[in-house]
Amino acid sequence: MLQDKITQYTAEINAFSTANADELEQFRIKFLGTKGIIKDIFDEFKAVSPEEKRSLGKVLNEFKQLAEAKYQTLKEQSEVADTSTDSGLDLTLPGEGFEVGSRHPLALVRREIIEIFNKLGFVVAEGPEIEDDWHNFSALNFPEEHPARDMQDTFFIRKGGENGDIALRTHTSSVQVRMMEAGKPPFRAIMPGRVYRNEAISARAHCFFHQVEGLYVDENVSFADLKQTLFYFVQELYGEGTKVRFRPSYFPFTEPSAEMDISCTICKGDGCQMCKHSGWVEILGCGMVDPNVLDNCNIDSKKYSGFAFGMGIERIANLKFEIKDLRLFSENDARFLKQYKTSLI
Ligand code: DAH
C-alpha cells in the first residue's frame, strides 16, 4: 500500500517541472509542507509492521530526498529566470570590462624631461609650428646658402613674400629666438614641440618628429654650466652611473658646438645593435649660443652668454623603451599604445 503511493508520487515528482514561482510554491506545500504528502507518508510509516519498516525505510528516505532536491533545483532555475525576465538583463553573462586609457610614450618622455629641468629652474616655453625664415634660420645664423634651407629638408608653405619664406619649422631652436626677442635675460627654459622635415617615411626617418630645445642665458654662463646641466639630466633620466662624452660638432647657432653621447642604456657600454657595438649613443646637440644669435635678438653679447641644446624626443624614448620603428609613434595602434600604461593620470 505505502509502497504503491511512493511509486506513484515518485513518478509525479520526476515528471514535474516549472519556471513559475507560484506553481513551485504549490509543489512545496503539497509535498514538503507541514501538512504535506511526505509528512502523511511518514505518519503512515509509523503504523506498518516491523518487516515492512525494514524494507521501506530506505525507499522512504530516498523519496523525501528526491522531493527536496527537485524543489531546490527548480527554485534556483526560477530565480535566474526571474531576474533575466524582469530587467531584460542576463546577469549570468560576463561583465563588459573597464578599459583604462594609457599615455603615449612620447608624452611620458616629454613629461619626464620637463620634470627634470623644472628641478633646475627651467620653465617651459612654446612657439608656432608655422615659422618664418627669420626665426627658423636667419636669426639663428644660418648662412643664406646653407643646405638646410634647401627644398629637400624644409616644407615651405610660401616662398618669398613680405616676411620672407614661410615654412613648417624644422627644429625647436626657433623658439629660442622668439623667447629672447620677447624678453630680457636671464632666460632659462626648455621648449618642447613638433618639428617637420621633408624626409621619406621609414623605420628610421619621419616627416615629423618631436624635439626639446633648451636655453640658458645669463651673465657668466660657461661651457662648464652646460656640461653639468646635461650631466645631471642624464643621471636623472637614465640612472646614476650613465656616462657622458662630448664630441666637437658644428651648428650655425652655437660656438663652440658639441654633440653629446651617453653610455649605451641597453648594453651598458658592452656593445649591442643599438650602439652599433661602440658602447655609446648620441642623444643631443649643444653648444654656447653664438654671439651673433644674441645680437640678432637684441641681447648684449658683450654682457651675456648662454648655452643651448636640442634633443629628439623619439630618440630618448627609443633608448628608454627600445622602440625601434619610428612609425609606431604616429600610427596610433592601440596594441602598441596600451603597453605604456601609467599610474600618472
Ligand atoms: N636644432 C638642432 C637640430 O635640429 C639641434 C640643436 C643642436 C639645438 C645644438 C641646439 C643646439 O640648441 O645648441 O638638429
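Here is a tour in a few stops, from the domains to the ligand and then to some salt bridges.

Before we start: this is a predicted model, where local features need pLDDT of at least 70 and side-chain atom pairs count only at pLDDT 80 or more, while totals for chains, interfaces and linings use all residues. Residues are numbered from 1 along each chain as its sequence is written, and side-chain values use heavy atoms, with hydrogens and water left out.

**Stop 1: the domains.** Colour residues 2–87 as domain 1 and 105–340 as domain 2; these bounds come from an automatic or database domain assignment. Taken over C-alpha atoms, the two centres are 84 Å apart.

**Stop 2: the ligand.** The side chain of Gln 211 has an N or O atom 2.9 Å from a ligand oxygen.

**Stop 3: Gln 211.** Stay on Gln 211 and find it in strand 6 (residues 208–218); strands here are DSSP runs of E, at least two residues, and helices are runs of H or I, at least four, numbered from the N terminus. Is Gln 211 buried or exposed? Its relative accessibility is 11%, so Gln 211 counts as buried (buried is under 20% relative accessible area, exposed over 50%, partly exposed in between, with a 1.4 Å probe and protein chains only). Its side chain also reaches the backbone nitrogen of Thr 172, at 2.9 Å.

**Stop 4: salt bridges.** These pair a side-chain nitrogen of Lys or Arg with a carboxyl oxygen of Asp or Glu within 4 Å, and the whole structure has 16. Pick Lys 30 and Glu 12, which meet at 2.4 Å, N to O. Lys 30 sits in helix 2 (residues 21–32) and Glu 12 in helix 1 (residues 2–15), 18 residues apart. Finish on Arg 245, Arg 247, Glu 259 and Asp 261, linked in a salt-bridge network.

Notes: A polar contact is a pair of N or O atoms within 3.5 Å; within protein, one must be able to donate a hydrogen and the other to accept it, and residues adjacent in sequence count only if both atoms are side-chain atoms.
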